[in-house]
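Q: Hi! I have a structure open and would like to talk a few parts of it through with you. Shall we start?

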Amino acid sequence: MARLPFLGRLNRRDYAALFFGGLFLFLETILTFVIALLPKSVIQWFYNRSRSLFHILVGPPLPKSDEHHLSERIRRAEDFQRLCEIFGYEYEEHVVLTKDGYLLGLHRLPAKKGEDRHHFGSSTGKPVVYLHHGLLMNSEIWVCLTSPERSLALTLVELGFDVWLGNNRGNKYSKKSIYHDPNSVKFWDYSIDDFAWHDIPDSISYILGVTKEPSLSYVGFSQGTAQAFAALSIHPPLNEKINVFIALAPAMSPAGLAASVVDSLMKASPNLLFLIFGRKAIMSSVPGWQSLLYPPVFAGAITTALRWLFNWRSDNIAPLQKLAAFAHLYSYASVKSVVHWFQIMRNAKFQMYDDDVQRVVLALARRPPRPAGVSAYAPARFPTRNIVSPIVLLYGDRDSLVDIDAMLHELPKRSVLARRLHGYEHLDVIWGENVHRDVIPHVVDALRDYAVQPERLADELKMNGVSAADDDAYTGSSTPADTLSGYD
């Protein structure tokens, strides 16, 4: 019997993953279609049933405190504007046209709470900092904290920064192109390469054009750090525009996933994801599930999924913070960008997207190995050792996606400072209960060291009119961080 080259490389686990993945895609498509047609009364019925079931299993609801009400307001906030209104901040919206025709939404927090603004869309005369989100996220992740002092974005505003928040193509605020319809496969045909070639440098050029500043400081989270690593490595002039790159929970070449079934997809072939999820947006049914499920049930489902996929327990994120933030966790992203990550994990290299991977793998499967073990094909790597901008890495020692030794090996030796955060997982770095003591002070210190004319910043922080000068949160004196490596 003839052996099929593709199917012959799969084991039983891969067949099971392919079957259940295909079933998931089918159910996801049906669910998304059905929810779109359901009247609000039916959606509300499902919501009420999940709430009743939750209280039967957990117990009756408790009286709500002020913290509960704030968490509920944040959870219900429909967009970035509503989140800013909760905390009393004015914001600006900007749109960037990339060189390949995508329209990216940028959000800006140019003024402290209560500060008068007379001219919008222009220079503020303040140092500029740019925040960029991770995979399957958008700019809301920086402002959906249940206390303003734990929000990095709001903290930097109060210190005197002109804060900009970016969005990737395809997400909630960037789902438009002048060339492709968002319902077309072509619109979603992008990977980390496109973020690096276009989204990051084009957004930064736009920001510097508006602010009239010579450079800005870049703070990325998770994939937002990978995009900056990639962009800085392939755009030498971009290094002159970024005075410091602060990487929160940095991602470059993760070892893999804790879930063995999903990990097997990566080991068999990253392109299997196209068979499971199609070639548009990945997991587009999440907003549908969110509308049907009682918030604690939805938060519990997210927590369980994170533990299964990454072995994260999420113990450092308070329950009310989960309720508030998990509602803003998901945003649209392309299947191709996730396939790109699986290629990186499979090859243990921070490489560009390999369009030729399937043909090459099939060809190699039919050939005997070369005697010397030399490969005839190698996808291009991002030359990250060429980065010139100073880099500060802040990572949790319980983060399964960070291999700090492998990362430091791929970065320039003389411009990197790495700090270990004890007991921190991935999402803890932005939503943890003590980020205002454990994480934000290190970010502020780095920004003060490298920002253009840091004397323009406030000497002390005030949140809600209360000085933090007497608090050790911004002195760096009691944070659970170790300096792993630093170079002059």
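This is a predicted model: local features need pLDDT of at least 70, side-chain atom pairs count only at pLDDT 80 or more; totals for chains, interfaces and linings use all residues.

Q: Which residues of E1 are on the covered face, and which on the uncovered one?
A: In E1, residues 92–97, the covered face has Glu92, His94 and Val96. Glu93, Val95 and Leu97 make up the uncovered face.

Q: Switching to helices: at what angle do H6 and H14 pack?
A: At about 110°, with the axes 8 Å apart. H6 covers residues 192–211 and H14 residues 335–347. Angles of 65 to 115 degrees count as roughly perpendicular, so H6 is roughly perpendicular to H14.

Q: Which residues make the contact?
A: On H6, Ile192, Asp193 and Phe195. On H14, Ser337, His340, Trp341 and Ile344. By type, the residues of this contact divide into four nonpolar, two polar and one charged.

Q: Why is H14 described as largely enclosed by the rest of the structure?
A: Because 11 of its 13 residues are buried. Among them are Val335, Val338, Phe342 and Met345, and the contact residues Ser337, His340, Trp341 and Ile344 of H14 are buried too.

Q: How far does H14 reach from its first C-alpha to its last?
A: H14 reaches 19 Å, close to the 18 Å expected for its 13 residues. Alanine 348 follows H14 and has a positive phi, near 55°.

Q: New topic: where is leucine 135 found?
A: Leucine 135 is in the loop between strand E3 (128–132) and helix H5 (152–159).

Q: Is leucine 135 buried or partly exposed?
A: Partly exposed, because its relative accessibility is 26% and the cut-off for buried is under 20%.

Q: What is leucine 135 in contact with, leaving aside its neighbours within four places in sequence?
A: Gln223, Ala333, Ser337, Val338 and Trp341. Ser337 and Trp341 also take part in the contact of H14 with H6. As for glycine 224, its C-alpha is 7.5 Å from that of leucine 135, though the two residues are 89 apart along the chain.

Conventions:
Residues are numbered from 1 along each chain as its sequence is written. Side-chain values use heavy atoms; hydrogens and water are left out. Axes are lines fitted to C-alpha atoms, for helices over the stretch in contact, and angles run from 0 to 180 degrees between N-to-C directions. Helices (H or I, at least four residues) and strands (E, at least two) are DSSP runs, numbered from the N terminus. Angles under 35 degrees count as roughly parallel, over 145 as roughly antiparallel, 65 to 115 as roughly perpendicular and the rest as oblique. Contact means heavy atoms within 4.5 Å. Ala, Val, Leu, Ile, Met, Phe, Trp, Tyr, Cys and Pro count as nonpolar, Asp, Glu, Lys and Arg as charged, and the others, Gly among them, as polar. Buried means under 20% relative accessible area, exposed over 50%, partly exposed in between (1.4 Å probe, protein chains only). The expected span of a helix is 1.5 Å times one less than its number of residues.
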